[in-house]
Amino acid sequence: MTFEELGVNEDLRRAIEELGFENPMPVQEKVIPHLLAEPGDVIALAQTGTGKTAAFGLPLLQRIDSDIHKPQALILAPTRELCLQIGSDLADFSKYIPRVKVLPVYGGSSIESQIRALREGVQVIVATPGRLIDLINRGVVKLDDIHTVVLDEADEMLNMGFLDSIDAILAHVPADRKMLMFSATMPDEIARISKKYMKDPVEFVVGNRNEGAENVRHIYYMVNARDKYLALKRIADDNPNIYGIIFCRTRRDTQEIADKLIADGYNADALHGDLSQQQRDIVMRKFRDRVISLLVATDVAARGLDVDDLTHVINYGLPDDTAVYTHRSGRTGRAGKTGTSIAIIHSREKGKLREIEKKIGKRFERRDVPTPQHIIEKQLYNLADRIERVKVDDAEIDKYLPGISRKLGWLSADDLIKRVLSLEFNRLLAYYRDAPSIDFIDEKPSRSKKEKKAPLTDKEKDRRTAEKGMERIYINLGKSDGFYAGNLIEMLNHNVEGKRIDVGRIDLLPGYSLFDVQKSDGRKVTESLRGLEWMGKRVYCEVAQEDKDYAKASKRKAGNAVADDAEETIHDYFLKKSRSNAKKAGRKPKKR
């Protein structure tokens, strides 16, 4: 099938042919004819990199009346990067429709310049929710003529808490608009939002719901928590032509890993929300131009980073939400190319890995961390390939050959090869000399007779046992308290003095949580957290005990905390009362 057969007009076809679009992709074949010919709303489920922007962008542009200089189409995106990417793509598509103007509207850029552009007249607005609401409140954006609204990356928009903002924006849009929702996954929230905002939507699914990208291999390496960074370096060294994104859970981890890689000589940089828009633009430009080959990023910052030829996605930490993994892995294996998604995990994350496997319908291959010998061999052969394929400008090089020959003529061919390789690899050889294996070895600890009489279940043992060299810590805060991994990291960073606490595996349960820290930090952590308050709840923390029922203990601690708070409140009431009475009687009030 061709774009002409889909109904795309000549001006748009001319532009996309120059961009290299030859045949429509599956999502485009399904969505474009419907949007051009049929009324009603649309939900399209397809992986990142499958051509979603063209699927909604081409029919949207074709329906624009260029004689009306008012906003007619609105596209909402969760991040600045995705907003800019969509705006750039639509501008390319409309190259031969000069009177159609597309304006990206996002935070982090001059609002005055965006206001000027809006006053000059635009037909298509691509916006992040926050900045658009700001412009609506200032009275500079009128959405009365909007006939098409697109929610792109709808699942991510919900994850980022934009539901109220979407409500506020749609209140300014005509009720009879056409609404399109594009998403990589279909969580329950998407179903609920479609019922709220859409009228009998037609659903198009490319592949299976929530599955991973078809051309991606899924691999995991299991190491001790303290060896994760070493494993990351070995994976990078074992893939000399790597061009990928390393996903971390927090902004702080993202910057620290990037700083370490840069210090160790890798072409890397960080991308996260603490950077200014100008800094983020510079990093992304360097990554797209391959000045850097490894981008260390948070999930939110990487949204909208449209790069088709990534070789690898590396999960330095598995996400809590399995749908996030689908988004991450979808960054590679795009546009019909193959890619590899790697997870570096420790033994306690196996359960989470199995959940992801069920979600994406694929199995992860377990691999051994590359050995120094294998890495060196791979790097040497890669250099040999580069030497073999290098283009030689005979006219230029020949001028310098006589002098170089006189200098190196005494070397044999073998000596020359050895010296070239040594020049390139002395640092690598020195680094990996006598380097140990860092794979995690499954060890079955022996039990005493007493333990055998009342053995722990595998699940209980897995939760309460720390890794070698680590201490397992119990804290009486869990999911039911609104307490998650990011909250724990923030609590540690703000309350534990001294060097940054390295946190290993974290288990979040409804009434409590368990997490690993270095053995040397265990006592300091428990003493620093004990007695704090979290959302009105008093924190209790201790080194975890294998034989303790923490589900019951959490309830007991919560009850005691409530009783203590009640006792203190009653005491304060009577103390205040006695002081008041003493003052009236002219006596000296009691001290607390």
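Reader: Which residue in β14 is the bridge partner of Y220?

Author: In this predicted model, the bridge partner of Y220 in β14 is R366.

Reader: What makes β8 and β14 count as paired strands, and in which sense do they run?

Author: Two strands are said to pair if at least two bridges are found between them, and two bridges join β8 to strand β14, residues 365-366, so the pair meets that requirement. The two strands run parallel. On β8 there is also a pairing with strand β13, residues 339-345, which is parallel as well and extends over seven bridges; within it, M222 has I345 as its bridge partner.

Reader: Why is β8 described as largely enclosed?

Author: A residue counts as buried when its relative accessible area is under 20%, and six of the seven residues of β8, which covers residues 216-222, are buried, so the strand is largely enclosed by the rest of the structure.

Reader: What is the order of the strands in the open sheet of seven, and what is the pairing?

Author: The order is β10-β11-β9-β12-β13-β8-β14, and the pairing is parallel. Strands of a sheet pair through backbone hydrogen bonds, either parallel or antiparallel.

Reader: Why do β10 and β14 count as edge strands?

Author: Each of them has a single partner strand, so one side of β10 (268-271) and one side of β14 are left without a neighbour in the sheet. For β10, strand β11, residues 294-297, is a parallel partner over four bridges, and L271 stands opposite A297 there. Helix α12, residues 251-263, packs on the sheet by touching β9, β10 and β11, and its direction makes about 170° with that of β10. Helix α13, residues 277-288, also lies across β9, β10 and β11, running at about 140° to β10.

Reader: Which strands make up the open sheet of four, and how are they paired?

Author: Its order is β16-β17-β15-β20, with antiparallel pairing. The edges are β16 and β20 (541-543), and since each has a single partner strand, one side of each is left without a neighbour in the sheet. On average, neighbouring strands here are turned by 25° against each other, direction ignored.

Reader: What makes β15 and β20 a pair?

Author: At least two bridges are needed for a pair, and β15 and β20 have three, so they qualify, in the antiparallel sense. One detail of this pairing is that E542 in β20 is the bridge partner of Y474. Helix α24, residues 522-529, lies across β15, β17 and β20, at about 135° to β17.

Reader: How do you know whether Y474 and Y512 are buried or exposed?

Author: The cut-off for buried is a relative accessible area under 20%. Y474 has 1% and therefore counts as buried, and Y512, at 8%, counts as buried too.

Reader: Why is K70 called partly exposed?

Author: Its relative accessible area is 46%, which lies between the 20% limit for buried and the 50% limit for exposed, so K70 is partly exposed. K70 is found in the loop between α4 and β2, and, leaving aside its neighbours within four places in sequence, K70 is in contact with V122, Q123 and D145.

Reader: What makes R14 count as lying over the face of Y96?

Author: The distance from the ring centre is 3.7 Å for R14, and the distance limit is 6 Å, alongside a limit on direction. K228 lies over the face of Y316 at 5.9 Å from the ring centre.

Reader: Which residues touch the most other members of the largest nonpolar core?

Author: They are L61, I75, L90 and V124, in a core of 37 residues. Helix α4, residues 52-62, gives the most to this core, with six residues.

How values were computed:
Residues numbered from 1 in each chain as written. Predicted model: local features only at pLDDT ≥ 70, side-chain atom pairs only at ≥ 80, totals over all residues. Heavy atoms only, no water. Buried < 20%, exposed > 50% of the residue type's maximum accessible area, 1.4 Å probe, protein only. Lys NZ or Arg CZ within 6 Å of the ring centre and 35° of its normal. Axes fitted to C-alpha atoms, helices over the stretch in contact; angles between N-to-C directions. Contact = heavy atoms within 4.5 Å. Core = buried A, V, L, I, M, F, W, Y, C linked by side-chain atoms within 4.5 Å.
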